[in-house]
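Work through the exercises below with the model open. Try each task before reading its solution.

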Amino acid sequence: MTESTISAPRRGVPIWAQIIIWVFLVGLLAIVAVGLSRAQQGTVQPGQVIDNFTLPIYSGYEWDGKSEINIEELRGKVVVINFWASWCKPCEQEATELQTAWKEYEPSGKVVFLGVDYVDTEPEARVYLKKFRVSYPNGPDLATRISQYFRIKGVPETYFVDKNGVLQNVQIGPFTSIDQIRAQIDPLLK
Amino acid sequence: MRSSRITFYALLLALILAGLWTNSASTQGPTPTDDEVNRIAKQLYCPVCESTPLDVCPTEACRHWRDLIRTMLAESKSETEIKQYFVEQYGARVLAEPPNRLISYLVPTVAILLGAFMLLRGFQKWIKPSMMESNLENSKREAKPFQDVYIAKLEEELKKRK
């Protein structure tokens, strides 16, 4: 008699459905949090080991006969990674300085310059390279993978990687003189 | 005899040149109009100028992109081929609409449905709190005699142990 008076507990959302909903929500929040933190981060910071990436090279701009370069193959050398684009006017300010610096360091074989062409079209890029007589390896940033890895904020930006593959310096904006480039490279050669 | 041979070679040369010209003209195709270029351009976004479709973007980078579309159209490339090229070069984020992947549509749909379901549950609880409270009171009141029997039994057991 007494037992029959107890009303059955009201059934809510099944436990498995609650778990799925919460896992989904937490996952969604985690994705938003990661996205926001990435957006607030600046460029890759000095001291970080640069992960391997592959840069396809425009024909005529190969290095050591290679049509694509893996950054890990360049361990033991100082690597100067310059992001540029043919539509970028500030890039033109430093193009001659970079090429002069490349000609200065190329014979030693201890320094490699890499030009990463950001969101550009190949015909225009070739016109730019020819105009400034650039001869160091250059190639497109396919699917913007490299620029996304470095979290660049614009062009030009230049990254100096030491012999151990560790990022040492970052130059945001154009170089104004060749001495500025030397000042970044020379300490890494010691 | 000699003049007829010269005429023959001249005709042959003219035919070859005409053939070459026709061939090059057919592969090049007519110059695409701005409308044709913009029809594809409005489906693309340049990563440099966020939130501005390529067909109306005034920057130098976007002008280069439109020129490239024009060149590719002149080479008789299809719309799909051109968009595919841009995705390979600059990533899927250049597309105005996400690629037709199941996940692109499934995740937002599931998220909206889940959100709607949770809102509905929340509103149900919010709108009828008094009704729920009275239900709870009733159930408590009804459950009391049942609980009392058990409590009495428990107390009796405890007394026996003492």
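**Exercise 1. Find the bridge partner of A:Val80 in S4(A), then describe the strand pairing around it.**

Step 1. A:Val80 has A:Phe113 as its bridge partner in S4(A). Strands here are DSSP E runs of at least two residues, and helices are H or I runs of at least four, numbered from the N terminus.

Step 2. Widen the view. S3(A) pairs with strand S4 (residues 111–117) of chain A in the parallel sense, over seven bridges. Pairing requires at least two DSSP bridges between the strands.

Step 3. Check burial. A residue is buried if 20 or more other C-beta atoms lie within 10 Å of its own, exposed if 12 or fewer, and partly exposed in between, with C-beta atoms placed from the backbone. Seven of the seven residues of S3(A) are buried, so the strand is largely enclosed by the rest of the structure.

Step 4. Sort the sides. A:Val78, A:Val80, A:Asn82 and A:Trp84 point one way; A:Val79, A:Ile81 and A:Phe83 point the other way.

A note on the source: this is a predicted model, where local features need pLDDT of at least 70, side-chain atom pairs count only at pLDDT 80 or more, and totals for chains, interfaces and linings use all residues. Residues are numbered from 1 along each chain as its sequence is written, while chains are lettered from A and ligands numbered from 1 in the order in which they are written.

**Exercise 2. Describe the hairpin of S6(A) and S7(A).**

Step 1. Strand S6 (residues 157–161) and strand S7 (residues 167–172) of chain A run antiparallel, joined by five bridges.

Step 2. A:Val161 stands opposite A:Leu167.

Step 3. Five residues lie between the strands, and A:Gly165 takes a positive phi near 85°.

**Exercise 3. Which residues of H5(A) are buried, and what do they pack against?**

Step 1. The buried residues are A:Ile181, A:Gln184 and A:Leu188. Down the axis of H5(A), they fall within an arc of 70°, so they line one face. The arc is that of the directions from the helix axis to the C-beta atoms.

Step 2. An α-helix has 3.6 residues a turn, so residues three or four places apart point the same way.

Step 3. The face turned away from the buried side carries exposed A:Asp179, A:Ala183 and A:Asp186.

Step 4. The buried residues pack against S3, helix H2 (89–105), S6 and S7 of chain A. Contact means C-beta atoms, placed from the backbone, within 7 Å.

**Exercise 4. How many residues of H1(A) are buried?**

Zero of the 26 are buried, so H1(A) lies largely in the open.

Technical notes: Two residues are in contact if their C-beta atoms, placed from the backbone, lie within 7 Å.
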